[in-house]
Amino acid sequence: FSATLLMYPVTYMSDRRRDEVDTGGKIILPPTVLDFMANQTLQYPMLFKLSNPDNNIITHCGVLEFVAEEGTVFAPTWMLEQLNVEAGSYIKVEAATLPVATFSRFQPQSTNFLDISNPKAVLENQLRKYACLTVGDVIALSYNDIIFRLKVEEARPRDAVKIIECDMEVDFSAPEGYVDPKKEQQKQELENNHNNTTTIDPIKFKPFSGKGHRLDGKESKVTPTEDSEPEDPPVGIPDYDYKIGTIEFFRTERSVPTNAKEEDTQSFPGDGRSLE
């Protein structure tokens, strides 16, 4: 079976069950589809492949009823989003045969899914509304009047599998935007330790900072003073007083005590001698 039908969300229907159908994986087809397939070799459950001819995106689904108007198909809202189509767009509907699922992995699209006490039990109960799964689909589940979205990350033995009457192992990946509390705590501790660390200035070398000695053995009357390091000019600020052809050296200036007295010395104090 293969046909091109106009696709609408189930919310367009007046059926009171539309909200329940909107969080499932089954579509509603027109009666002519059932009449056509009745003349063929039927395989239960009936599975279909839906594809968007404009972008070649595909998904798979089961069928709930054959009560839609001729030429139309009603599907859950998430299927229209998955196929990237708007209400009233044409899609291709084909009969499909899929293998039985043995494993599937889901990624919740919100961290709110972690608030559920037993997520596997909830998932198992909600998957009863689905007939098959396709890798890449973001399906919708309803629990406590809250709609949760889960992405099908992996399926075995193929990317599209049947999940009716099967023994399937289920696993979860970390939700979208989830941060491990342990890693977050370690990161916070590292940041706190970094902020609490005090910066210690290294000991700077001061040249000629010792006490001087005279060559004649007398005590030096010049006392050492505490000299401050010359401040380096600010980096990135030009010296507007610079003169071309000159080089400036930044040195420490030492102050000489004003009370230091010069010794009275006499030049050539020895006795003179004549060469005669």
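This is a predicted model: local features need pLDDT of at least 70, side-chain atom pairs count only at pLDDT 80 or more; totals for chains, interfaces and linings use all residues.
Start by selecting Arg149, which you'll find in strand S10 (residues 146-156). With 29% relative accessibility, Arg149 counts as partly exposed. Show its side chain together with that of Glu81: the two make a polar contact at 3.1 Å. Now bring up the other residues Arg149 touches beyond its sequence neighbourhood, among them Gln107, Pro108, Val138 and Trp78. Trp78 lies 71 residues from Arg149 along the chain, yet their C-alpha atoms are separated by 9.1 Å.

Stay on Trp78 and turn to the rings. Searching the whole structure gives seven aromatic pairs. In one of them, Trp78 and Tyr130 have ring centres 6.0 Å apart and planes at 35 degrees, so the pair is tilted. Follow the chain and you'll see this pair join distant parts: Trp78 belongs to helix H3 (residues 77-83), while Tyr130 sits in the loop between helix H4 (119-126) and strand S8 (132-134), 52 residues apart. Trp78 is buried at 3% relative accessible area, and Tyr130 is buried at 3% as well.

Next, pick Phe113 and Phe148. Their ring centres are 5.7 Å apart with planes at 80 degrees, so this one is edge-to-face. Here too the pair links distant parts of the chain, 35 residues apart: Phe113 is in the loop between strand S7 (103-108) and H4, and Phe148 is in strand S10. Both Phe113 and Phe148 are buried.

Two last stops. Select Phe1, Phe36 and Phe48 to see one aromatic cluster. Then jump to Arg156, whose charged end sits over the ring of Phe103, 4.2 Å from the ring centre.

How values were computed
Residues are numbered from 1 along each chain as its sequence is written. Side-chain values use heavy atoms; hydrogens and water are left out. Helices (H or I, at least four residues) and strands (E, at least two) are DSSP runs, numbered from the N terminus. Buried means under 20% relative accessible area, exposed over 50%, partly exposed in between (1.4 Å probe, protein chains only). Contact means heavy atoms within 4.5 Å. A polar contact is a pair of N or O atoms within 3.5 Å; within protein, one must be able to donate a hydrogen and the other to accept it, and residues adjacent in sequence count only if both atoms are side-chain atoms. Rings of Phe, Tyr and Trp (its six-membered ring) pair if their centres lie within 6.5 Å; planes under 30 degrees apart count as stacked, over 60 as edge-to-face and the rest as tilted. A charge sits over a ring if NZ of Lys or CZ of Arg is within 6 Å of the ring centre and within 35 degrees of the ring normal. Lists of a residue's contacts leave out its neighbours within four places in sequence.
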